[in-house]
Amino acid sequence: MLRLVVSFVITFGLTLESVWARKRGVAWPWYNEGTNLDSKQLASVNVQWIYNWETWRPSNTGCVCPRPIGSLDPSRNAYAKGISSGLSFIGTQRCLDCPSSPIAELHTRAIEQNWTVAFTLNEPDLPGVGVSPADAAKWYIQWVNPLNITKAIPAVTSSGIPGQGLDWVDGFITACAGKCYFDYLNLHWYGDSFEDFVAHIEGAHNRFPNYQLVVTEFALITPATRNDQLTFLNAAMLFLDNATYVEYYSIFLATSPKLITGNNGGSDYAGTGSTLFSNDGSLSVNGLAYRGVVLTKRMPCATELARKETTGIAGCLPYSSYARHFSGQDRQVVRALSVLSLIPEFSEVEKYVAVVAGDAISYFSTAPFKMFSTLKIATFAAALFATAPSVFAGKRGLAWPWYNEGKNLNPTLLANGNGNVQWIYNWETWRPAVTTNMNWIGMQRCMDCDSSPISQLQTRAAQQGWNTVFSLNEPDINGISAATAANWYIQYINPLAIRKAIPSVTSSTTAGQGLDWVAAFISACAGRCYFDYINLHCEFALVAPATRDQQVAFLKSAMSFLDGASYVTYYAVFGASSPTLISQNTGGGEVGTGSSLYNDDGSLSANGIAYRG
């Protein structure tokens, strides 16, 4: 039978600890070491990784440990329960070989420091560096390919000179001839305006639509002032947080004006107005804005007077109830904050909600909410939540069987643009007729078969713009040994320069099947299989004779669990079809029809309505 997909990120790719995880990182230059700057001041729900252009780890990246709910340190950087107070380190082999990051130690450092992501060569497109795309490709294949983690190709400048910038990227990909295994393109940008920045990033995406981007250096050039840089930063964060093709970004630069000037660290072209720290070691206004929203649990409704002053109403209210008291931009802020009601720990009005906005941190508790307008933070707050309509958006997908094609079922009833259902697959490499509002994930379910011929895999992936691929369907019960699958995977799946999942396995506990098969596959790969996800089929539905009501209750509980599991990247419930189609196509005998997301008339079932959200 066709089964669901639940994809788990293991150590391949940044695994962040909560649904609040964001894209922002810390660009931390070497000369910060041993100074009064503390990178942990930037660590928050928004900022969760750090790099330093080197393969040695900075000395102060913090621990990964939850703080007690309600803790509020002197720097006023508070955390919700379960959110990391540390920064994940991304190693960078910035040079072909250099004393600070010797190439001979690359693999050892990656293993010892538990890297999950690697960046490579720093601006090889510039004449002074002088690394040609062909030489870089050979070097990358030899040294970077063997790292079985997420990888970015060399970082290039925003130069428009022929042969530099995006031209160099084009040359590198051509020189690789499909033999470089990577996940991201790495971009740097310095320029005069936000409009030019957007044009460059969008231009890169349009030129290379099949690849995700990381933007690891960007700022306005001189003579931009501190206020200019701050305005640009807030606009850039809103843009980058909403750009689905941007995976990570880091503003230039996490240092102080004195240090960047004293070390010739970029002040000649970016000035000092974009630095995230002040000379005294505190966060600058840019640093405060970059760190972003900070939340802490407090006892709700501290006093009757406070309740009346804040809302004019006695009694505790959920955040969403505040919205009726405000209008205009203020209402937008409160509506953004109302997503907290989706999380049990924040289901009631909290005493403190801190929002970093420009040059201030204000705590909204007993003070009237009219302070939102004074601080002009509506746009900023909206940006924090704009990456998805809910804090759980993005994991859900549609398991869309082939027999749905040409029938009365419309996938956009489920993927209606609310952000909850965002991808689709059909166990095949041919694309369904309708994929509006969804990312299409191709699947080479077979080693070779008429519907998905292996000879067409790379062509279909390129033509259809895949960014992720699933592979073999349940080989653990279909007579394909782990060793055979590994050799097949290395030959056909490795060359796809996109995210990859190893073959999907059943939940069987029979020796040699299920997770035993996964272990044997990884062992047979011997480090030569490049993948990002482990793909599990664990019968994501109750078995017959479960009723429709029982299936709906189970689905809601399962979604709550999967949405909260930081190690689950995608899931797709069984199944996105109707009772009649499932029955006619022997597509779910073990499960029955009570879990189907559609009714026979093409409308959404109770399950479908719950799944859509």
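This is a predicted model: local features need pLDDT of at least 70, side-chain atom pairs count only at pLDDT 80 or more; totals for chains, interfaces and linings use all residues.
"Buried" here means under 20% relative accessible area.

Take tryptophan 168 and phenylalanine 172, which are both buried. Their rings form a stacked aromatic pair, with 5.5 Å between the centres and 15° between the planes. The two residues sit in helix α3, residues 166-176, and because they are four residues apart there, about one helical turn separates them.

That pair comes from a search of the whole structure, which finds 37 aromatic pairs. Another one joins phenylalanine 89 and tryptophan 115, and this one is edge-to-face, at 6.2 Å centre to centre and 80° between the planes. Here the partners come from distant parts of the chain, 26 residues apart: phenylalanine 89 belongs to strand β4, residues 88-89, and tryptophan 115 to the loop between α1 and β6. Phenylalanine 89 and tryptophan 115 are also buried. There is an aromatic cluster as well, with eight members to look for on the screen: Trp189, Phe194, Phe197, Phe218, Phe232, Phe239, Tyr249 and Tyr290.

Next, the backbone. Most residues other than glycine have a negative phi, and most peptide bonds are trans. Which residues depart from that?

Glutamate 123 is not a glycine, yet its phi is positive, about 50°. It lies in the loop between β6 and α2. At 13% relative accessibility glutamate 123 falls under the 20% cut-off, so it counts as buried. Tryptophan 427 also has a positive phi, about 70°, and is found in the loop between β15 and β16. Its relative accessible area is 2%, so tryptophan 427 is buried.

As for cis peptide bonds, one joins threonine 222 and proline 223, with omega at about 10°. Proline 223 is in the loop between β9 and α5. Another cis bond joins phenylalanine 252 and leucine 253, where omega is about 25°. Leucine 253 is placed in the loop between β10 and α6.

Last, the cavities. Among the lining residues are Asn148, Lys151, Tyr181, Asp183, Lys500, Tyr530 and Asp532. The lining as a whole divides into six nonpolar, two polar and four charged residues.

Definitions and conventions. Residues are numbered from 1 along each chain as its sequence is written. Side-chain values use heavy atoms; hydrogens and water are left out. Rings of Phe, Tyr and Trp (its six-membered ring) pair if their centres lie within 6.5 Å; planes under 30 degrees apart count as stacked, over 60 as edge-to-face and the rest as tilted. Buried means under 20% relative accessible area, exposed over 50%, partly exposed in between (1.4 Å probe, protein chains only). On a 1 Å grid over the protein atoms alone, a cavity is a set of points where a 1.4 Å probe fits but cannot get out, and a pocket is an open set with protein on both sides within 12 Å along at least five of seven lines; lining residues have an atom within 4 Å of a point. Ala, Val, Leu, Ile, Met, Phe, Trp, Tyr, Cys and Pro count as nonpolar, Asp, Glu, Lys and Arg as charged, and the others, Gly among them, as polar.
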